[in-house]
Amino acid sequence: MRKAQKEQAENFIDLLDQAHDEIRKAVSEGNRDVALHLLTQCQDGAISLGELIEKTEGEGFATIALLEDYCELIYETHEAVLQEQTVNAGKIHKNLRRSLIKIKNSVRSDIRVRREAVFLPYKASMWDSLESIWKAAEEDPDCDAYVIPIPYYDKNPDGSFRELHYEGGEYPKYVPVVWYQNYDFEKHRPDMVFIHNPYDDCNYVTSVHPSFYSSVLKQYTDQLVYVPYFILGEPDPDKEESLEKLEHFVTLPGVYNADKVIVQSEAMRRAYIKILTREAGAKTKSVWKEKILGLGSPKFDKVAETISADVEIPESWRRLIEKPDGSRKKVVFYNTSVVALLEHNEKMLEKMRYVFGVFQENQEEVALLWRPHPLVKATIESMRPSLWKEYEKLLAWYQAQGFGIYDDTADLNRAIEISDAYYGDASSVVQLYRKTGKPVMMQDVEIIG
């Protein structure tokens with residue numbers, strides 16, 4: 001039984017208890033019609049309570065038998081009053097109360113509260129920021145967990161919506177996905193809702209469907225939880241420069257609207273609290289200290305899990321990774337970011353061409369695994385249309401040459417696991433990759449040749 005349903009059952013019992021007091025009063029004062037009416041209402045209330053419990057706990061549940069005994073007592077009392085038998089108001093009240101206490105204790109002790117947790121990822125490639133929390137909820141026998149991928153839009157330069165995307169078919173096979181139109185938030189009122197997109201309408205490039213903005217979701221749950229989809233470099237909460245770099249990741253609608261925010265470390269928690277207190281005023285510090293939790297990122301959990309598991313490598317990738325003699329080439333994870341493209345424009349493309357050329361020349365010994373940021377198309381196409389055309393040409397050339405892997409799948413952790421080293425731009429992937437203990441090399445766009 002859900003928490004709200006159990007509260008409803010307990011409220012039913014409280015109303016019955018109040019009615020018993022009125023029945024005693026009516027019988028004592030000789031108001032037979034009032035007493036009969038109240039007894040009928042108690043019977044109806046007990047039947048409604050029984051239907052609620054039967055619906056959630058089953059026909060043979062212990063409380064049902066106690067309610068049947070109560071209804072029998074109500075009937076006998078009703079008949080005695082109806083036939084104007086000599087009745088003792090105090091005895092009636094005592095008997096009804098004794099029966100109701102048994103029901104109340106059974107509801108309190110026998111009925112276990114089931115929680116309902118809803119997870120609302122939007123991009124499949126970011127599912128790792130929620131997965132370990134979902135797994136814990138899924139394994140909890142007293143929790144019903146729903147994974148509901150939500151649609152999102154690309155945005156035009158003027159902020160209007162462009163294409164609508166839905167990636168529900170791209171999640172791991174072991175994740176049971178629920179179609180977002182089949183879940184009624186108003187009806188279910190889940191106990192917890194987990195999100196990893198904090199922007200609402202404040203992102204220039206994409207937007208989740210407005211029905212799933214944090215400002216809307218908070219109306220349907222007592223616990224809206226925001227977990228960032230990214231990992232950032234660890235901050236120094238005591239240095240202003242460090243706080244300034246973080247500010248635009250912190251002062252977002254999802255952070256303000258959430259009841260809890262789970263961040264990657266205690267240092268990050270302290271930084272969030274300082275930034276939010278400065279923005280909202282010193283009196284709000286206790287609010288942020290309660291809301292922000294430095295429990296670690298599920299993305300770290302996923303990396304650790306993937307390292308210890310056998311990952312499935314597509315045959316097309318395997319052909320590029322293995323040498324003719326069956327031995328394995330070194331695999332370099334090449335990560336290119338949206339920020340670097342926006343900052344360096346054509347110069348970044350020139351750098352990428354150079355990198356591809358180096359790996360093409362050394363393809364007998366080293367395999368390149370290129371994995372660009374999943375939002376590169378939506379961002380560059382919206383903000384730098386001419387740059388996007390040149391980027392597309394470079395992408396087409398790379399794929400046509402066939403010397404390296406192009407990874408645009410949702411599974412970041414597979415790329416981390418099968419590669420031997422990281423090379424590329426500064427991004428949240430760097431923080432994850434360092435957890436593996438494998439080499440990390442940063443790309444410098446100024447160095448070509």
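Helices (H or I, at least four residues) and strands (E, at least two) are DSSP runs, numbered from the N terminus. Residues are numbered from 1 along each chain as its sequence is written. The model is predicted, so local features need pLDDT of at least 70 and side-chain atom pairs count only at pLDDT 80 or more, while totals for chains, interfaces and linings use all residues; side-chain values use heavy atoms, with hydrogens and water left out.

**Helix 1**

Select residues 3–28, which form helix 1. Its 26 residues reach 38 Å from the first C-alpha to the last, close to the 38 Å expected at 1.5 Å a residue; the expected span is 1.5 Å times one less than the number of residues. Glycine 30 follows helix 1 and has a positive phi, near 80°. Next, colour the buried residues of helix 1: Lys6, Ala9, Ile13, Leu16, Ala19, His20, Ile23, Ala26 and Val27. Here buried means under 20% relative accessible area, exposed over 50%, and partly exposed in between (1.4 Å probe, protein chains only). These buried residues of helix 1 pack against helix 2 (32–57), helix 3 (62–82) and helix 4 (89–110), where contact means heavy atoms within 4.5 Å.

Move to strand 5, residues 192–195. Met192 and Phe194 point one way and Val193 and Ile195 the other, and all are buried. Two strands pair if DSSP finds at least two bridges between them. Strand 1 (residues 115–120) runs parallel to strand 5 and is joined to it by four bridges; phenylalanine 119 has phenylalanine 194 as its bridge partner. Strand 7 (residues 224–226) also pairs with strand 5 in the parallel sense, over three bridges, and there leucine 224 is the bridge partner of valine 193.

Select strand 3, residues 152–155. Strand 3 is joined to strand 4 by three bridges and the two run antiparallel, with tyrosine 152 opposite histidine 165. In this hairpin five residues lie between the strands, and glycine 159 takes a positive phi near 90°. Strand 6 (residues 206–208) likewise runs antiparallel to strand 3, over three bridges, and places serine 207 opposite tyrosine 153.

**Serine 382**

Now show serine 382, in helix 16 (residues 376–383). Serine 382 is buried, with a relative accessible area of 4%. Leaving aside neighbours within four places in sequence, its contacts are Lys155, Asn156, Pro157, Arg162, Tyr204 and Lys377.

**Helix 10**

Select residues 266–280, helix 10. Its 15 residues should span 21 Å, and the end C-alpha atoms are 21 Å apart, which agrees. Among its buried residues are Met268, Tyr272 and Leu276. Just after helix 10, glycine 281 takes a positive phi of about 110°.

Finally, display the open sheet of five strands, whose order is 12-11-10-13-14 with parallel pairing. Strand 12 (405–406) and strand 14 (440–442) stand at the edges with a single partner strand each, so one side of each has no neighbour in the sheet. Strand 11 (residues 366–372) pairs with strand 12 over two bridges, and tryptophan 370 has tyrosine 406 as its bridge partner.
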